[in-house]
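User: I have a structure open and would like to go through it with you. Could we begin with the terms?

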Amino acid sequence: MVDGLVIQQEALELLEWPRLGEHLAGFASTAAGRRHCRVLPLPDSVAESERLLAETTELLGLDGTLEGGLSFQGVAEIAATLQLCVKGGVAGGEALLELAATLAAARRLRRQVDAPDLRPVTSALVAELRTLPELEQRLRFCLEEGGRVADRASPALEGVRRQLLATRSERRERLQALLRRCAPLLQDSVIAERNGRPVLAVKAGAAAQVPGLVHDSSASGQTVFIEPQAVLGLGNRIRELEGEERDAELAVLRELSSLVADQAEQLAPLQPILVRLDAALTRARYGAWLGAVRPELAAEADAPFELRELRHPLLLWQQRQEHGQPVVPVSLQVGSALRVVAITGPNTGGKTVTLKSLGLAALMARAGLFLPCSGTPRLPWCAQVLADIGDEQSLQQNLSTFSGHIRRIARILEALPSGDAPAAAASLVLLDEVGAGTDPQEGAALATALLQQLADRARLTVATTHFGELKALKYCDPRFENASVAFDEETLAPTYRLQWGIPGRSNALAIARRLGLEESVLQRAAEQLAPRGEGEVNQVIAGLEEQRQRQQEAAEEAAALLARTELLHEELLLRWEQQRQQSAEMQEQRRQQLERSIRQGQNEVRRIIRRLRQSGGAGHADTAALGETARQAGQRLRHLERQHRPEPERRDHGGWMPVVGDRVRVLSLGKAGEVLALADDGRELTVRCGVMRLSVPLEGIEGLHGEKPSPPEVRVQVKGQRGLAGRGPDVRTERNTVDVRGLRVHEAEAAVEEKLRAANGPLWVIHGIGTGKLKRGLRAWLATVPYVERVEDAAPGDGGMGCSVVVVR
């Protein structure tokens with residue numbers, strides 16, 4: 001067990017985990033948080049890692065919503081103070097004041113964090129905080145800024161300080177009087193201080209004329225510093241009062257320390273909780289600085305690794321803080337069945353960086369840190385990350401490079417579970433230049449056997465090598481896979497990009513030819529490779545690389561063509577929409593113009609009818625003919641108005657409605673997200689976009705293929721006869737009554753139509769009985785009006801047969 005812990009600690013050192021902890025500590029807010037981040041402990045269970053990731057996620061969202069971010073101002077280290085008080089000691093005023101400030105800061109943080117619906121994990125954490133406001137108030141009442149005990153802390157202290165102030169004031173006045181009276185005898189008119197007592201600088205020759213206590217003399221002997229006899233008693237009294245003041249202050253501090261000790265049990269969890277909150281906020285801010293995303297951890301040991309465009313966090317720090325080279329990302333996708341990945345290729349091509357990036361990613365996810373990847377990284381929770389990276393040559397221990405590697409690999413095998421027992425958690429093994437440092441044939445054989453053993457005992461082993469024999473393992477064991485780092489033979493420079501499924505070449509002959517080595521030497525070297533078949537293998541590898549390059553170029557061209565097609569499609573849709581809007585606007589303008597013309601014609605007909613009414617009985621036959629013509633013209637105008645009245649817009653939503661688990665596009669962000677929950681009325685949903693969780697209305701999303709959601713039907717129950725818009729009263733009033741008695745039929749039609757346009761309920765038309773011609777004419781016309789539902793005689797009390805009730809739709 002001890003050896004297993006040792007080899008795991010060695011792996012952390014090889015992967016530069018302490019250096020990452022130093023970078024992380026730079027984002028901490030408190031000294032205790034910085035110490036915690038430098039150590040950066042690794043959880044022992046996947047549940048604990050998931051809790052840390054949840055804390056990081058919740059505080060990342062909260063820190064972004066608060067102005068100025070989440071603040072730990074006022075938080076101090078209180079463990080030493082608490083321990084001193086528990087043991088019966090007396091804490092200093094400054095330490096007790098820091099405790100009060102920490103209690104206030106903890107209360108503020110709890111208020112900001114506590115939101116169980118939004119932040120369940122951190123809310124449960126701060127729920128355990130006990131901030132003891134009574135204790136804080138007592139401490140602040142008794143202590144002033146800087147930790148000085150306040151006068152109001154105790155009556156005894158207040159009385160002593162009042163006496164002390166009066167005595168000092170009296171002594172100052174006496175000294176000032178002596179300065180004026182003895183001025184000729186003094187070297188200086190300033191009251192000096194020696195041994196904490198006030199003295200006068202008296203000339204040496206006049207010392208006998210100033211009675212008092214000599215405290216000191218100048219280096220030249222010309223000046224003697226004397227405390228005058230007149231203030232000696234006051235000085236002694238001041239010393240006594242200062243002692244009483246210290247005793248009173250100590251009594252107050254002892255009382256406050258006792259109060260703290262009484263609350264020790266409730267104060268004990270305070271600092272650990274604040275450290276956890278600070279560590280979570282530190283992880284969140286570090287992840288935001290890296291541009292990292294939350295990983296998905298799997299408890300199953302054989303879960304796949306999916307890391308897209310993973311960047312080494314230490315190289316990112318070097319790039320941004322130290323102006324280093326841009327970091328080239330690597331993508332790793334290892335299925336559940338794969339156990340060993342052999343990475344080949346030239347030196348300085350990025351093989352070791354790939355190993356360290358993968359190892360740090362597994363450790364960061366376990367420690368609750370986000371990963372600098374694209375998309376959502378997925379990987380199993382790795383209980384062990386074991387590594388053999390670098391040169392283990394040791395002159396002190398008389399170890400060669402090969403011996404050092406073998407000793408470390410032996411410890412790795414001891415730390416892994418046996419091949420017969422099923423693995424409870426995943427183990428990740430990283431080997432750099434496996435089998436190197438000895439005879440190539442023996443080294444290749446040893447490396448092959450070692451990787452086969454690790455395939456049985458570890459979840460994943462990633463090994464870098466130059467041995468060609470390891471490249472063939474893929475073709476006889478499905479648990480093996482090849483990968484290589486790309487190399488540009490034209491520039492003799494590595495590209496640092498990882499290629500999956502293709503073994504790499506050392507490119508030694510190409511590099512030598514580029515550097516000017518004689519062609520005869522290169523030719524002989526190629527002949528030496530031919531009998532062993534390595535030349536043919538390299539040719540096959542070169543052909544595979546060329547084929548992959550062509551496929552990649554074709555894929556990039558296809559992606560570019562697809563992007564241009566999408567842009568063209570969007571542009572065509574935009575132009576079509578613009579033309580449709582312009583066409584609709586033009587149609588609306590023509591319709592409005594036609595309506596204006598119809599209304600003008602109707603107004604003209606009304607004016608003609610009014611003139612005919614004013615003309616009286618002269619030319620009765622001609623007048624009647626003209627009135628009938630005007631009535632027919634008005635009817636034709638109303639018919640035209642009904643024909644050109646716009647139909648109400650009917651929208652077809654296609655019947656699509658998202659459900660929980662669907663992927664949708666949030667229009668305000670322009671990003672895709674997953675539907676987590678739907679509101680009861682179906683008009684609001686909760687969507688997760690990356691690390692964000694937000695609520696959006698139904699109209700704020702669309703399907704990934706542009707589908708518009710169909711809102712659920714709203715069932716409206718109409719009660720009574722009023723309808724949605726509110727109908728007028730069903731009783732006769734002056735506003736819903738029109739009297740057309742004495743008018744001709746066409747005149748009555750115009751008056752009734754004008755009332756009907758403003759009616760929102762029944763209309764009573766008083767036409768009288770007479771010959772019945774006016775009643776019949778009106779009812780015949782009303783039967784042709786589309787918005788009239790029915791016409792009936794009024795109730796006996798409202799006119800009976802001499803009045804008609806027109807009910808509109």
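Analyst: Strands are DSSP runs of E with at least two residues, helices are runs of H or I with at least four, and both are numbered from the N terminus. Two strands pair if DSSP finds at least two bridges between them. This is a predicted model, in which local features need pLDDT of at least 70 and side-chain atom pairs count only at pLDDT 80 or more, while totals for chains, interfaces and linings use all residues. Residues are numbered from 1 along each chain as its sequence is written, and side-chain values use heavy atoms, leaving out hydrogens and water.

User: Which residue is the bridge partner of D739 in β21?

Analyst: The partner is I766. Strands β20 and β21 (residues 763–766) run parallel and are joined by three bridges.

User: What order do the strands of that open sheet follow?

Analyst: The order is β20-β21-β23-β22, with mixed pairing. β20 (737–739) and β22 (788–793) are the edge strands, each pairing on one side only.

User: New topic: how many salt bridges are there in the whole structure?

Analyst: The search finds 42 (a side-chain nitrogen of Lys or Arg within 4 Å of a carboxyl oxygen of Asp or Glu). One of them joins R408 to E10, with the closest N and O atoms 3.5 Å apart. Because R408 lies in helix α15 (residues 401–415) and E10 in helix α1 (residues 2–14), this pair ties together parts 398 residues apart in sequence.

User: Is R408 buried or exposed?

Analyst: R408 is buried, at 5% relative accessibility, whereas E10 is partly exposed at 22%. Buried means under 20% relative accessible area, exposed over 50%, and partly exposed in between (1.4 Å probe, protein chains only).
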